[in-house]
Amino acid sequence: MTQKIRATDDVLRSIPDPGRAAILPKDGETNILITSALPYCNNVPHLGNIIGSTLSADVFSRYNRTRNRRTLYVCGTDEYGTASETAALKEGVTPRELCDKYYALHKETYDWFDIGFDLFGRTSAAKHTEICQSIYLNLGQHGYLEKQVKDQTYCEGCKKFLADRYVEGICPNCGFVDARGDQCDGCSRTLDAIDLIEPRCLIDKTHAVVARSSSHMYFKLDAAQPALEEWIKKSWKKGKWSPNATINADGEIVDARMKGGLKPTPVTRDLAWGVPIPPLGREDDKEMSGKVMYVWFDAVIGYPSITAEYTPEWKQWWFNPDNVKLYQFMGKDNVYFHTIYFPAMLLADGRNWTTLHHLSTTEYLNYEGGKFSKSKNRGVFGPAAKETGIPASVWRYYLLSTRPETSDAMFSWADCIAANNNVLLKNFGNFVNRALKFLSSQYDSVLPESGDAPGPLSPNDPLDAEFITDVNTLLKEYIDAMESVKIRLGLQIVMLISSRGNGYLQAAGLNKALMTENPQRCAQVVSRAINLIYVLSALIYPFMPATSDALLLQLNAPARAIPEVLSTDILAGHQIGQPEHLFKNIDEKMEEVWKARFGGDESTKKEEEAPTSKRKAKKAAGTNAVTMDSGPKSPEAIALEAKILEQGQVVRGLKENKGSKDIVDVAVAELKKLKAELVLLEKRS
């Protein structure tokens, strides 16, 4: 097929897709280094994990490639530490076997979602050990490591010191009863296991856990704090960080730990699965022998170590602060480690590291009125998204359109279906299909001579000045939003541009009559619409790369860069490919099907709502409980299950807020009545 494209440097994209070829920064150019928080290698990610870091970072990575900037995006699994050891213990495998399994599951999930890493690596790689040990040695040489002998949790039943995640107990800060030994899920504060109230051994909760003294190496964060505070304020201003838990919109450091004065933090742990502690050439080396690095210390070093697996020239990215801008993506619970802990480590190391330029964080994505829960089968996890039959592009669009940038967001099946049917299909897809099909049917797929010269269209055009000005204004707003890492806004603007395209075709009256009565104007409208679609192929690429590829295939055009103004870049005589629908309608009835499929096990909910004594009695007696039927459900059953879920949340809320006994009793009675109705309905069916 004939291609006629204005093939200048400012039109075509020269930077390849992620992972296609090793790329290095170039002095004097804008070079973008991107990381997303390393996921733990002990479970599969859910939709909230994906939007929180990996997908958001992928969008920004692809955006920079469409600006023809040298861009590197790395991530990988965080494999060491007690999180992996305890998960391996539960599954009856070695930590290595567990990490091999979950690495494959993570990679499969991200591949399906079209998340394009240049390398998705692992912290168990040899380069990781090498770089971690070099940083540890430099901290020691510069006086930032000190030995401390402190009490540590010791299990008298297991006859060994217990690393943080082998211990659970009551949080001393917020009173959360199931706080982990390293961090509390109730208040998100980092902990030392020895500070837990009523500590319990995770291996066997009947074992007695006591305190015994042990020697460990500590990173002197207090000594690093003065330089760190200066760096935070400088980087915050230069990189235009969004307000976060470390520094607010006024440039005031608000982290409670920094305001109270940072304290030395442990670097070593009594574990087998981790980066071995290298000797410092000091008297206390013998006491550190056999210990490994604390996972919080080694995990963040995964960013440079995975880059080192990607290229032997990794230092060109990580020791190049004058020419490389580092953007880091994560959920809000990871802010401390990327704005305080990791930067302090790099500053104390003494080498000229590339440090954080811009921080992008998200709040939490919840699921249909509650939280994602793997143990309760609640929400969409990992490869299960594929099972719905919803294409990855549609998943990406919906997740990014609800990206929780300033507050927690809620996943909703109804909203997901509406996003596909009302926005993608009726707006974006309609504009593209209408223009391409008209060109195919009326011009035999060959772009007619429009009279427009190659290059930018004039905003003073006698017929389309308003349309051209509107598109150019939206293009500027899109670029401004993406440069500021306002990803959700960027996507909204793409849809505004496609909507403007629909309006243009409608106002111009593109049809056979126009072609007959004013062939020159018809050719002009078609040319400008086709060139707007070419622009959209670049604008949508960061968000929906497969959709972008489909557009380019139908346009029969090479990947283009994002322009600053609307131009005539596909020229007269160019032959397009076969127009196809980009999206398909999703039956609204699927909402209830997917709610039932991913809503969680009703028997688990019933057990949660019953008193502990009743749960034990029912378990012993084999008492019947309301369960989810594995077969198709009637609409009545689905409606009842929804009411049960809603009423269960009412009961839990009343109990948590200590509502009056009478009100709680009424709510519980209503819940029991609904469950009884469901049992009768299931028996009849």
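Reader: Why does R528 count as buried?

Author: R528 has 2% relative accessibility. Buried means under 20% relative accessible area, exposed means over 50%, and partly exposed lies in between, with a 1.4 Å probe and protein chains only. The value of 2% falls under the buried limit, so R528 counts as buried. This is a predicted model, in which local features need pLDDT of at least 70 and side-chain atom pairs count only at pLDDT 80 or more, while totals for chains, interfaces and linings use all residues. Residues are numbered from 1 along each chain as its sequence is written, and side-chain values use heavy atoms, with hydrogens and water left out.

Reader: What makes D452 and R528 a salt bridge?

Author: A salt bridge is a side-chain nitrogen of Lys or Arg within 4 Å of a carboxyl oxygen of Asp or Glu. The closest N and O atoms of D452 and R528 are 2.9 Å apart, so the pair meets the rule. This pair links distant parts of the chain, 76 residues apart: D452 is in the loop between α14 (413-442) and β17 (455-456), and R528 is in helix α18 (residues 519-539). Salt bridges with shared partners join D452, D461, D464, R521 and R528 into one network. Helices (H or I, at least four residues) and strands (E, at least two) are DSSP runs, numbered from the N terminus. By the salt-bridge rule, the count comes to 36.

Reader: Why is D452 called buried?

Author: D452 has 14% relative accessibility, a value below the limit for buried, so D452 receives that name.

Reader: How do you know that Y504 is in contact with R528?

Author: Contact means heavy atoms within 4.5 Å. Neighbours within four places in sequence being left aside, Y504 is in contact with D464, F467, R521, Q524, V525 and R528. The C-alpha atoms of Y504 and R528 are separated by 9.6 Å, and the two residues lie 24 apart along the chain. Y504 is placed in helix α16 (residues 487-508), and its relative accessibility of 4% makes it count as buried.

Reader: Why are D58 and R62 separated by about one helical turn?

Author: D58 and R62 are four residues apart in helix α1 (residues 47-66), and therefore about one helical turn separates them. Their side chains meet in a salt bridge at 3.1 Å, N to O. Relative accessible area is 0% for D58, which is buried, and 7% for R62, which is buried.

Reader: Why is D100 called partly exposed?

Author: D100 has a relative accessible area of 35%. D100 forms a salt bridge with R122, with the closest N and O atoms 2.7 Å apart. This pair links distant parts of the chain, 22 residues apart, with R122 in strand β3 (residues 119-122) and D100 in helix α3 (residues 95-112).

Reader: What makes K240 exposed?

Author: K240 has 66% relative accessibility, and so counts as exposed. The place of K240 is in the loop between α5 (221-239) and α6 (256-259).

Reader: How many helices and strands does the protein have?

Author: The protein has 24 helices and 18 strands. Of its 685 residues, 54% count as buried. Among contacts between residues at least 6 apart in sequence, 78% join residues at least 24 apart.
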